[in-house]
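Hi everyone, thanks for making the time. Let me put the model up on the screen, and then we can walk through it together.

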Amino acid sequence: MNDSETPDAPENSDAPEGIRLQKVLAAAGVASRRVVEQYIVEGRIRVNGQTVTELGRRIDPETDKVDVDGTAIQLDVSKRYVMLNKPTGVVSSMRDENDRPDLRRFTEDYEERLYNVGRLDAETSGLLILTNDGELAHVLAHPSFGVTKVYIAKVEGIVTAQTIAKLTKGIELEDGEIAADKARLLDTSRDSSLVELTLHSGRNRIVRRMLAAVGHPVSELVRRQFGPLHLGTLPAGKTRELSKIELGALLTLSRRDSGVAEAPGEQENE
């Protein structure tokens, strides 16, 4: 080594003052250290909401929140995020007390101990998130956070434009008034209709109860979207890990307002 070269400091020398930002982001898979340094110079990185422009900035990966170009970055590489297309007949539990088919079959191939974010009832299929990130799971599943979810329901009877308007205007249920954020009629046949509902409510079986209240009981129900995540072409009963873009969007959403107050008694369960 010539005199102009400076050896890297030992790994444990980072501990008292934190770890260099470019080192943490490179380890998280954002880009190489050199590219991350360019991002810093360009003012594209924020730590705890403040833009960072100095290359010597150090952070604590366990407590500091970092985003690049406005997209949140997960610094803890031990966290796992998986999308499941839950089939019907499976309960949203890791161990069902009545010995019904549960979610364990979809998590046993992962080293991490994964849990579901929110629930879908046994006869509802569609998008579930499985993760070992307890903080994210709590925020996204909490009804007060209001994550938007999109459902497609096959219902009995012919749904009219007036019924669609009623769903968005608001209907009275036994536990209070509820209105869909959006509703649209996708198709009709001789004796059934396909309806798409967008909701942020976390009330128990709310989609089924809303449609029954307007005279169209649900025969099939699938959740196609959860926040920024779309089910796409993922087959029923299959899982896949979230892409970096999907994870960034999900983390950005979860950090938008992580200080959600507790609301005992409410639990998402469509």
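First, the ground rules. This is a predicted model, so to speak: local features need pLDDT of at least 70, side-chain atom pairs count only at pLDDT 80 or more, and totals for chains, interfaces and linings use all residues. Residues are numbered from 1 along each chain as its sequence is written, and side-chain values use heavy atoms, with hydrogens and water left out.

Let's begin at valine 66, which lies in strand β5, residues 66-68. Is valine 66 buried or exposed? Valine 66 is buried, with a relative accessible area of 1%; buried means under 20%, exposed over 50%, and partly exposed in between, using a 1.4 Å probe and protein chains only. Leaving aside residues up to four places away in sequence, valine 66 touches a list that includes Leu21, Ile45, Val47, Ile73 and Arg255, where contact means heavy atoms within 4.5 Å. Glutamine 50 is 16 residues from valine 66 along the chain, and their C-alpha atoms are separated by 9.2 Å.

Now the sheet around that residue. It is an open sheet of 4 strands in the order β3-β2-β5-β6, with antiparallel pairing; two strands pair if DSSP finds at least two bridges between them. At the edges sit β3 (50-52) and β6 (71-73), each pairing on one side only. From one strand to the next, the twist averages 40 degrees. Strand β2, residues 45-47, pairs with β5 over 3 bridges in the antiparallel sense, and valine 66 is the bridge partner of valine 47. Helix α7, residues 244-255, packs on the sheet and touches β5 and β6, with its direction at about 95 degrees to that of β6. For those angles, axes are lines fitted to C-alpha atoms, for helices over the stretch in contact, and angles run from 0 to 180 degrees between N-to-C directions.

Over to another strand, β15. Strand β9 (residues 124-131) pairs with β15 (residues 218-226) in the parallel sense over 3 bridges, and threonine 124 stands opposite leucine 221. Strand β10, residues 149-156, runs antiparallel to β15, joined by 7 bridges. Then β15 and β16 form a hairpin with 2 residues between them, and glycine 227 in the turn has a positive phi of about 55 degrees.

Last, the pockets. On a 1 Å grid over the protein atoms alone, a pocket is an open set of points where a 1.4 Å probe fits, with protein on both sides within 12 Å along at least five of seven lines; lining residues have an atom within 4 Å of a point. Which residues lie nearest the centre of the largest pocket? They are Ala28, Ile73, Gln74, Lys244 and Leu247, out of 27 lining residues. The largest share of that lining, 6 residues, comes from α7. In the second largest pocket, 23 residues form the lining, and Pro61, Lys65, Gln74, Asp76 and Arg255 are the closest to its centre. There, α4 gives the most, with 4 residues.
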